[in-house]
Each structure stands twice: as C-alpha cells, then as structure tokens.
Amino acid sequence: MKDITIGSKGTASVRAEKGNLASAMGSGCLDVFATPAMIALMENAACDCLVEYLEGDETTVGTALDVQHLSATPAGMDVTAEAVLTEVNGREFTFDVTASDGAGLIGKGTHKRFLVYGGRFLEKANSKLK
C-alpha cells in the first residue's frame, strides 16, 4: 500500500429512491432513505478514500461501525457521505463518517476497515463451503 495521510477524504453519493428506501430494504415500512443504505454509503465513501493508495491484490473490508441515523430523507433527495481518515494502525484504518442530504446532516459516526489481499481473503472465506 502506498503511504496515506491522516485527513484524507472520500465521498459517495446516491439518490434516495425505490431500491434504497426502508420500505424496500426491510428496515422499516416508510418511504425514506434506509439506515442500511446510509451505512453502505458511508462504507463506500471510506473505500473511495483508500482506493488510490491500494496496490496489486490489496483491498479493504469493513470491520466495525458505530453510527447514528439522525434525520429522515424522503425519496427523491440526494444523499452524500464523507469519510475522513483519522487513524492508521498497521493494516487498520479508522474514519469519521457523515451523511447529509440537501437539508443537512442525517448521520454520523465512526467506521473501521482492514487491509486484506483479495485472493487469500476469498480463499479463506470460501473454505467454509467445504
């Protein structure tokens, strides 16, 4: 992995629409942006932060999340997540993550990712099938 600087940022955006609403994802019955969709967007922002620093077969996997979903976003609004790298501990990366819609902050928290090697990781995971 190439050297990465604390404070590096990544972003990801999506529109709140049919497939990512709580009513469609099974995380509620209302047509608002689902908490699982917000979490996935935050993880995507963290991945975006790291992608240009990865080499060869390197990738990262999420290992921890501690987030709050603070405000509902109705269908039709865009949601943007931002991840800011706050700590590197060997192969572990810690991020402050936020999500916002056009009206303001909708979620915040922390997220950890761990550097793995894709081939070996999948081999180990697939060994559970034996």
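I took helices (H or I, at least four residues) and strands (E, at least two) as DSSP runs, numbered from the N terminus. On that basis I counted 3 helices and 5 strands in the chain.

I noted that this is a predicted model, in which local features need pLDDT of at least 70 and side-chain atom pairs count only at pLDDT 80 or more, while totals for chains, interfaces and linings use all residues. Residues are numbered from 1 along each chain as its sequence is written, and side-chain values use heavy atoms, with hydrogens and water left out.

**Fold.** Along the sequence I read the pattern β-α-α-β-β-β-β-α. I recorded a box of roughly 40 × 40 × 20 Å for the C-alpha atoms, taken along the principal axes.

**Sheet.** I counted two strands as paired if DSSP finds at least two bridges between them. The 5 strands form an open sheet, ordered β1-β3-β4-β5-β2, with antiparallel pairing. I found β1 (9-15) and β2 (58-69) at the edges, each pairing on one side only. From one strand to the next the twist averages 25°.

**β2 and β5.** I traced 11 bridges in the antiparallel pairing of β2 with β5 (residues 104-117). I located A64 opposite K112 of β5. Helix α3 (residues 118-126) packs on the sheet and touches β2 and β5, contact meaning heavy atoms within 4.5 Å. The direction of α3 makes about 90° with that of β5; axes are lines fitted to C-alpha atoms, for helices over the stretch in contact, and angles run from 0 to 180 degrees between N-to-C directions.

**Burial.** Of the 130 residues, I found 31% buried, that is, under 20% relative accessible area (1.4 Å probe, protein chains only).

Technical notes: Buried < 20%, exposed > 50% of the residue type's maximum accessible area, 1.4 Å probe, protein only.
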